[in-house]
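Grab the model and a viewer, and let's work through a few exercises. Try each task before you read its solution.

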Amino acid sequence: MYSMMTLAPVARFGVLATLLLSVTEPFGRALHRPELRLRFLNGSDQVKSSYDYVIVGAGTAGLTVADRLTADGKTTVLVVENGKVVDSPRINQVYSGSAAMGPTWSYQINSVPQVNLQNRTTAVVTGNLVGGSSAINAMMTALTFVPPEVTIAESVNITYDTSFWGNSSGIYAGWPYFQWPGLTTQIEAFRDIPGVEFPPDSGAGRAGVYWFPTFMDPKKVERSYARTGHYDGINRTNYDVVTESHVTKILLEDDAATGVVFRRKIGNATKITTVEAKREVILSAGAVHSPQILQLSGIGPSKLLETAGIDMVVNLPGVGQNFQDHPMMFMSIILRNFTTRPSPTDMFQNKNFTDWAQEVWRANKTGPYSMGIGNAAAWLGMPVISPERFEEIASKLENQDHGAHLPADTDRTVIAGAGSSGTLVDLHPLSRGTVNINTTDPFNTEPIVDYRALTNPVDLDIMIEMLRFTKKYFFETRLKEYSPRQVQPPDYVNEPEDLAGFLAENLSPTEFHPSGTCAMIPRELGGVVDESLKVYGVKHLRVVDASIMPVLPGANTCQSVYAIAEKAVDLIRADALIN
């Protein structure tokens with residue numbers, strides 16, 4: 001049982017989950033560099049008639065797989081991407097970790113109204129550009145490790161262990177050249193809570209309070225993501241990327257994938273292109289669009305396909321089911337006597353400090369502007385968060401009919417697999433949503449996304465305990481010396497039913513980690529892909545992205561998706577040798 005608490009780098013506030021800031025100065029406006037487009041195919045006319053592999057989606061997984069497969073200089077790969085090539089300082093910018101988030105480079109999708117969240121809808125944030133969501137995420141954790149600067153590490157007692165990290169990826173883990181001194185006090189306060197551990201590194205695989213790096217190139221002090229690590233600087237004639245091209249279906253013949261069909265708008269006209277995959281089609285469109293493309297291709301729940309008027313090729317009830325994301329909430333507590341300076345409030349209230357911060361950033365890319373969303377967090381087990389209630393909550397889950405909390409028309413195979421999670425965690429929410437095609441106009445609309453937030457009542461129990469724990473952290477540790485005052489929820493909101501009401505008004509069902517909709521579990525339990533990531537019932541078709549995760553990892557998903565992609569390359573190469 002685990003929950004996560006990111007330590008807010010703000011002296012006056014304790015924030016549960018993540019503090020998002022959006023700043024564009026002093027980094028300027030987006031740069032339009034036409035020469036950049038020359039490395040990508042300018043249109044479908046330049047696409048060859050066939051490739052060894054066709055990959056749908058130039059995102060976190062898609063570009064990783066394409067880079068690895070084409071490294072031999074012989075294997076030909078086409079990556080088909082719906083979005084554009086974007087070169088913007090808002091993407092490169094590390095400061096705040098959220099400058100690229102929002103609608104600019106995301107698909108325009110809103111969830112259906114969430115019944116348990118007072119019928120609120122939520123933006124479904126998924127990257128719609130080359131680089132995918134790795135281009136717009138909060139850059140939390142990474143791959144090729146570069147240690148922090150010694151003086152910065154010593155100033156706030158950053159611990160790390162390089163043995164947990166690799167050095168063979170083009171995606172970098174870097175550290176800012178500044179940390180807020182008040183973080184030390186926040187971290188030390190956890191020592192006053194029984195059971196809290198302090199692992200030596202975020203890669204140790206243990207729950208506790210620790211530091212973690214940022215997806216950042218430490219030399220450039222810029223975002224390190226799929227495009228910079230797996231496309232930029234690579235010049236191969238066997239590696240093509242075509243952008244602004246929307247895949248409408250996978251071509252299937254004799255239960256085998258043979259290619260894809262995509263459309264591209266040119267002015268008021270739309271051009272349809274078909275391209276052959278001589279070996280495999282690899283679907284890396286993400287947990288929202290991979291199930292949509294499968295369903296549009298006749299692979300999915302038979303009732304759904306029939307309603308949409310799509311001929312069924314393979315009845316796979318699990319496609320688009322098992323949808324998961326990390327729910328997120330905010331809690332605000334003011335530390336009225338916290339006088340440690342500098343603090344992030346100085347970035348907005350102290351002109352002298354702001355002037356200094358901009359000066360050192362422009363001079364050598366150091367100081368506060370080198371910081372992302374933060375580098376410290378508490379990933380704590382429920383026995384620590386709720387020692388009085390965790391056994392009661394665990395028993396409630398153990399005795400639960402998991403299928404009773406799924407949609408009424410859920411296929412029996414999906415119901416059979418519903419209890420396979422087996423772990424009571426906040427970072428592995430128990431509620432399960434759906435991502436399905438819009439049956440009224442499936443080929444011209446975005447899929448219908450339903451988080452089904454808090455449909456499993458155990459999720460609500462966990463969230464309530466997280467709120468209580470956060471209050472305990474501020475009022476029953478050494479932080480009480482700083483005169484904490486609870487702002488949100490109001491301090492009189494203490495009873496379970498009142499906290500449940502607060503959550504209904506304020507909980508976000510997403511931390512932008514959509515997963516699970518093409519789950520890698522047995523077919524008879526609602527699975528979509530096998531242990532080789534091959535789609536059940538279809539030859540030469542794999543899914544390689546976050547949709548294959550049967551259960552959300554207790555971590556930010558980007559790093560896990562890179563790992564899935566690297567493993568997929570090994571599986572694909574092994575099959576190519578056999579065949």
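**Exercise 1.** How many bridges join S5 to strand S7 (residues 214–217), and do the two run parallel or antiparallel?

*Solution.* First, some ground rules: this is a predicted model, where local features need pLDDT of at least 70, side-chain atom pairs count only at pLDDT 80 or more, and totals for chains, interfaces and linings use all residues. Residues are numbered from 1 along each chain as its sequence is written, and side-chain values use heavy atoms, with hydrogens and water left out.

Step 1: strands (E, at least two residues) and helices (H or I, at least four) are DSSP runs numbered from the N terminus, and two strands pair if DSSP finds at least two bridges between them.
Step 2: S5 and S7 are joined by two bridges and run antiparallel.
Step 3: look across from Ala173 and you'll find Phe215 in S7.
Step 4: zoom out to an open sheet of four strands, ordered S4-S5-S7-S8, with mixed pairing. Strand S4 (144–145) and strand S8 (222–223) are at its edges with a single partner strand each, so one side of each has no neighbour in the sheet.

**Exercise 2.** Work out what surrounds strand S3 (residues 77–80).

*Solution.* Step 1: S2 (residues 50–56) runs parallel to S3, joined by four bridges, and Tyr53 sits opposite Val77.
Step 1: S9 (residues 239–242) also pairs with S3 in the parallel sense, over four bridges; here Leu78 has Asp240 as its bridge partner.

**Exercise 3.** Classify the ring pair Phe178 and Trp356.

*Solution.* Step 1: rings of Phe, Tyr and Trp (its six-membered ring) pair if their centres lie within 6.5 Å; planes under 30 degrees apart are stacked, over 60 edge-to-face, the rest tilted. The count by this rule is eleven aromatic pairs.
Step 1: with centres 6.2 Å apart and planes at 55°, the Phe178 and Trp356 pair is tilted.
Step 2: Phe178 is buried at 11% relative accessible area, while Trp356 is partly exposed at 35%.

Conventions. Buried < 20%, exposed > 50% of the residue type's maximum accessible area, 1.4 Å probe, protein only.
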